[in-house]
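Hi,

Here is the structure I promised to pass on. Have a look at it first, and then read on for what turned up when I went through it.

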Amino acid sequence: MVYTVADVLNLDTFQKATLLSGIEGLHKPIRWVNILEILDDFNSVQPHELLITTAFGLNHDQELQQKLIPLLVKKQLSCLAIQTGYYIKEVPQKIITDAQVLQLPLVELPQDSFFSHITTDILTRIVNQQFDLLNFRDRIRHELLQVLLENGGFNDLLQVISYHLQYPIRILDHLFTPICSNSEATQPDSQTQELVYLHANGYFKQSARKQNIIYLNEPTTSIPRQHLLPVISANNQTLGYISVIGITERLNDKQLTILNQSAIICALLFLQEITIKETENRLHGDFLDDLLAGNFSSLEQIRKRAKFLGYDLNKAGMIFVCSIGDLDNYIKEDNEISIVKLKNRLLHLVETSVKSFTRYQFIIRLRSNIIIILVLSPDAKNIQWQKQLADNIRKCIRFSYSKLSFSIGIGRFYNTIHDLSKSFSEAEQALEYTKKLKETNSIIVFEELGFYRLLLQRNESEMNTFYEETIGTLVDYDKKKGSHLKYTLEVYLECSQNTQSTADKLFIHRHTLRYRLKRIEEIAGVNLQQSDHVFNLQIGLKLHKLLLPD
């Protein structure tokens, strides 16, 4: 337990002392005793001390009276004890008033008080308390290590922590996904997403006592009051969190000891799981790479490898490719480690999102700034299902990292293993479509691209030539003259070449429309009555969207 001002005032050496003001500060901790005969040098004053003084010269120094209490409060002093009788008959009213306002306990010591008795009495108790705390730490450490030595996991560790703290506990991974919890400390998905958002957007505040505790008192209405202790690895990487639910006051020294010792054992368990997970991810990721690249000698070989990793390729599947952009908005330090950490957090979010959406198998792989997902599900044949899954992934990312750009390309579903590389190529082409049109945060299904599917696979120089031959002259003319012939043509074709519908939509007279159509034919060198000319113009307009998006 923390030794407080209230505890000090209950000592025999303080029986004749009088508390003059600052009763609201009796909970403040006393960690040491300092003595100043003359109040002229405050450099030696440290936080959470009891300062004892004879206050020599204070009575006649009005400037010192004005600044004394505010200065000591700024120094985080816990209590000021002034001995009267020798140099000062009574404590000045200004000192009493300031101490009351700033909630600094102010004690008057009688003339017959011996400073040596007081310091010995207090420091003996503080030192004994520290020994007790060290012994307690050793007992807790031994009990927690036993969990590890007996091959226990997070659930076993949680039971020990919760028993000693007497509060509901949950252990979270680095993205606040619950690993285990007491029944009264379960966490819905919405709270997990909100915690990720608060962390990503700088809402977490560390403890002023530098105990590494994060206090979440009222960040949002749906997240309960809790204390979060980050579990830190040797290279300063946050592996996860121990969350204590329902504490209304600051944690005391024994509670902090329990949590800090628990964090060490948690770190070992996390590192063990990370090693296993990284090995699994490498095996599964390499398998996906080989599958998409066709690096297997026979169908039987790839099926055996899939079976070893726990996958059923009999129903095949399809590919999602997620493109990540604007990472700079969330990278505080310009180094490779910060970038890798952020990408791994995003990968974990995507994986969690897919798991929450489908019970079917999937393989996920991070490559540079893209995340590849192979979904092995019969539901994946349904385009609406594909869009719902993609939207679920995007919402999960955008909720926590709203400043990122995150687009998803979706390839076709294929029944055979050999064709999965086609699905990957199609998903990449769907993403290329979003880039050409400068569309961010989009979901594009390759199968829905229509004629653009052909355009995305053709030679770009040839596309430029075709564009210039069809629409290019109209676009140049519009720029030069400030006219709207290209837009007129678009509306005309959208209205199935019906002049009345086109004129109505453009809010112009039919005679004006006929004049514009004649100018289009002259400038573009086409005949709008010939179907092949109209078809070429339609393709030219689609190319314009790809090559020169507005």
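Let me start with the largest nonpolar core, which has 34 residues; Phe320, Val350 and Ile373 are the ones that touch the most other members. Keep in mind throughout that this is a predicted model. The elements that each give two or more residues to this core are strand S11 (318-325), helix H9 (336-357), strand S12 (361-367), strand S13 (370-376), helix H10 (383-400) and strand S14 (405-410). H9 gives the most, with seven residues.

Leaving aside residues up to four places away in sequence, Phe320 touches Ile371, Ile372, Ile373, Val375, Gln386, Leu389, Ala390, Ile408, Gly409 and Ile410. Apart from this core lies another one, of 28 residues, which include Ile140, Leu158, Val160 and Val244. As background, nonpolar side chains in soluble globular proteins tend to be buried together.

Of the contacts in the chain with a separation of 6 or more, 65% are between residues 24 or more positions apart.

Next, the sheet. It is an open one of five strands with mixed pairing, in the order S1-S5-S4-S3-S2. Strand S1 (18-21) and strand S2 (32-38) are at the edges with a single partner strand each, so one side of each has no neighbour in the sheet. On average, neighbouring strands here are turned by 25 degrees against each other, direction ignored. Further in, strand S3 (residues 49-56) pairs with strand S4 (residues 79-83) in the parallel sense, over four bridges. Isoleucine 52 stands opposite alanine 81 in S4.

Helix H3 (residues 93-101) lies across S1 and strand S5 (106-109), and runs at about 75 degrees to S1. Helix H4 (residues 115-149) lies across S2, S3, S4 and S5, at about 160 degrees to S2.

There is also a helix pair to look at. Helix H5 (residues 154-165) packs against helix H7 (residues 253-293) at an angle of about 175 degrees, and their axes are 11 Å apart. Angles over 145 degrees count as roughly antiparallel, so that is what H5 is to H7. On the H5 side, the residues that meet H7 are Phe154, Leu157, Ile161, His164 and Leu165. Their counterparts in H7 include Ile258, Leu259, Ile265 and Phe270.

Last, helix H11 (residues 420-436). At 1.5 Å a residue, its 17 residues should span 24 Å, and the end C-alpha atoms are 25 Å apart, which agrees. Among the buried residues of H11 are Leu420, Phe424, Glu426, Leu431 and Tyr433.

Is lysine 436 buried or exposed? With a relative accessible area of 17%, lysine 436 is buried, because the cut-off for that is under 20%. This lysine belongs to H11. Just after H11, lysine 438 takes a positive phi of about 55 degrees.

Happy browsing!

How values were computed:
Residues numbered from 1 in each chain as written. Predicted model: local features only at pLDDT ≥ 70, side-chain atom pairs only at ≥ 80, totals over all residues. Heavy atoms only, no water. Pairing = 2+ DSSP bridges. Axes fitted to C-alpha atoms, helices over the stretch in contact; angles between N-to-C directions. Contact = heavy atoms within 4.5 Å. Expected span 1.5 Å × (residues − 1). Buried < 20%, exposed > 50% of the residue type's maximum accessible area, 1.4 Å probe, protein only. Core = buried A, V, L, I, M, F, W, Y, C linked by side-chain atoms within 4.5 Å. Parallel < 35°, antiparallel > 145°, perpendicular 65-115°, else oblique.
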